[in-house]
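The following exercises concern a protein chain and the contacts among its side chains. Each task is followed by a solution in steps.

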Amino acid sequence: MRVAAVCLAALLVTACTAEEAPEAPFSEPRWTRTSVPTLQYEQLPSVRGAAGWQGGFAVASERADDVPVVHMSADGATWRQIVISGLTELGQGDAVAGHGKHGYLLGEGFHGPTVWTSEGDVWYRIPLPGARPGDRVSSISAGPRGVVVVGFGPETGIATADVLRIWHSADGERFGEPVDVPMPDVYPYEPPLVAATGHGFLIYRIIIGHDHATPALLESRDGRTWRDVGPQLIGWPAGVGRPRIDAATHNDGVAVAFTNTADPVHEEDRDRGLTAWYRRDGDTAWTATASIASGRLPDAGVVPRRQRTVHQVIPWHSGFLALGWAGGAALWTSADGVTWTKTPVRDNGFDQAERLGFLSNGTVSLLLRTKHKLIGPTEVWRHGDPAGPARGPGRALLPGGSWSQHSGRVVVDDAGTGKLFYRGPGDTAGTYRTVQVRTTHTAENGTRTLEVTASDDPAAPIGAVFQVRVVAPGAVVLRPDGLQAEFCDTDHDREC
């Protein structure tokens, strides 16, 4: 929960490198709690990642009928749902990432494991070369060194796989063949996560089927060459179970990681529990610190170390934020990765949430309440300038064209006018709805805004807006009701 724009994560992370502008000095964020009527709790039965980028925010979830849905917002206040045709399952870990002007979505569909990317509201597919039958995808993250997807090979046992499969894209547009990292008996159903930072990439939360003295933590500068730096975390107690890194990132010359060594069988052992590790650039080993404040009574969430956990750590200016649990949602801040201060719980209303996820578009950061048994408007905590980044101007209209699929056709001429024919929900074969459109705007990325001028579809009345993005080998159309479909170039009788 890890795109992301400058110094953000969304279940996703990025940081600044020496080549980029220096980080601002660390300062504590101030959060304003608010409700979001256009994003209801009932629409988020299971969240599979959230991220922000310069175009806005996205949260991936599954509906009650198991249909994957992307909830999108330009400002964090007004949200809409988008259902992508051909997307059948989201990545099992963090399925959303963002960096710069682009968002990324990881899932599986008719074409196997696939990445979708967005520069605006329309998502279009990027293939993952070398994916094999039985491969599953787990998590995605994007940062200044590109985009990384982590998955795992076919299951070899009852619930284990024998290899991690890692794809990298330097430009966010094309992925190379996967790198296979042997990882015997990895548990796919508690999937590994990946963090993109200015330093490179980290893959953590790798759960191995048999006990190890240290957890696995993969590190890469380029997304292609990986090494396990988990053995550098010394002092893991014997007999604790399957050790794992619960959260990790890098920022401003410091890598941090979180573990919890509490033994559920021996509750009297108070020396174990949440541990923060840090490693400064140039160090050959990690250093453990238990300097993670519990807070002060009478505030809520003042619990023993063994009852605290961290599930997400995020670069924040020159320091870090850590989201976790301490009898309820908890947030810690650190200026150096060594000493962690707990943010007051009741003063911010965190005691009303079980779990929080972080997402940011570079100017506005949100904490999203992601676990709940409630109905009604979703609650978020907001920090930053609500104005958000400015959108770029439009450009001249692109040449028109004609595209079709089994359920419709799109025809737009060079002047930007045309018709859309498509089958609506519940329509029988051979029955099509027809709308006439005119182009009102073409964005820098080529996405057209089509305004309806005549229509026989009640879901697309006059004045409603379609979004159309032309990509090889055809066009992607986003309807006003949030359904998105692909259409193929009519000169080529092939699957989109």
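**Exercise 1. Identify the four residues that are linked in a network of salt bridges, and state how many salt bridges the chain holds by the rule applied**.

Solution. The model is a predicted one. The network joins Arg132, Asp135, Arg165 and Asp180. The rule requires a side-chain nitrogen of Lys or Arg within 4 Å of a carboxyl oxygen of Asp or Glu. Applied to the chain, this rule gives a count of 20 salt bridges.

**Exercise 2. Locate the salt bridge between glutamate 108 and arginine 136, and classify glutamate 108 by its accessibility**.

Solution. Step one is the distance: the two side chains meet with N to O at 2.9 Å. Step two is the placement of the partners: glutamate 108 belongs to strand E8 (residues 102-109), whereas arginine 136 belongs to strand E11 (residues 136-143). The pair thus links distant parts of the chain, 28 residues apart. Step three is the accessibility. Buried means under 20% relative accessible area; glutamate 108, at 13%, therefore counts as buried.

**Exercise 3. Determine where glutamate 190 and arginine 244 lie, and whether each is buried, partly exposed or exposed**.

Solution. The side chains of glutamate 190 and arginine 244 form a salt bridge of 3.1 Å, N to O. Both partners are found in loops: glutamate 190 between strand E14 (179-186) and strand E15 (193-197), arginine 244 between strand E18 (227-228) and strand E19 (247-251). The partners are 54 residues apart. Glutamate 190 has a relative accessible area of 40% and is partly exposed. Arginine 244, at 25%, is also partly exposed.

**Exercise 4. Explain which parts of the chain are tied together by arginine 369 and glutamate 379**.

Solution. The side chains of arginine 369 and glutamate 379 meet in a salt bridge at 2.6 Å, N to O. Arginine 369 lies in strand E28 (residues 364-369) and glutamate 379 in strand E29 (residues 377-384), so the pair ties together parts that are 10 residues apart in sequence. Arginine 369 is buried at 11% relative accessibility, and glutamate 379 is buried at 16%.

**Exercise 5. Describe the surroundings of threonine 333**.

Solution. Threonine 333 is placed in strand E25 (residues 329-334). Its relative accessible area is 1%, so threonine 333 is buried. Its side chain makes a polar contact of 2.7 Å with the side chain of glutamate 28. When neighbours within four places in sequence are left aside, the residues in contact with threonine 333 include Phe26, Pro29, Phe320, Leu321 and Trp340.

**Exercise 6. State the order of the strands in the open sheet that contains E15, and explain why one side of each edge strand lacks a neighbour**.

Solution. The sheet has 4 strands, in the order E15-E16-E17-E18, with antiparallel pairing. E15 and E18 stand at the edges; each has a single partner strand, so one side of each is left without a neighbour in the sheet. Within the sheet, strand E16 (residues 200-206) and strand E17 (residues 216-220) run antiparallel and are joined by 4 bridges. Isoleucine 203 has leucine 218 in E17 as its bridge partner.

**Exercise 7. Summarise the chain as a whole: how many helices and strands are there, and what share of the residues is buried?**

Solution. The chain has 0 helices and 37 strands. Of its 496 residues, 55% are buried.

Note on methods:
Residues numbered from 1 in each chain as written. Predicted model: local features only at pLDDT ≥ 70, side-chain atom pairs only at ≥ 80, totals over all residues. Heavy atoms only, no water. Helix = DSSP H or I, 4+ residues; strand = E, 2+ residues; numbered from the N terminus. Buried < 20%, exposed > 50% of the residue type's maximum accessible area, 1.4 Å probe, protein only. Polar contact = N/O pair within 3.5 Å; in protein donor to acceptor, adjacent residues only side chain to side chain. Contact = heavy atoms within 4.5 Å. Pairing = 2+ DSSP bridges.
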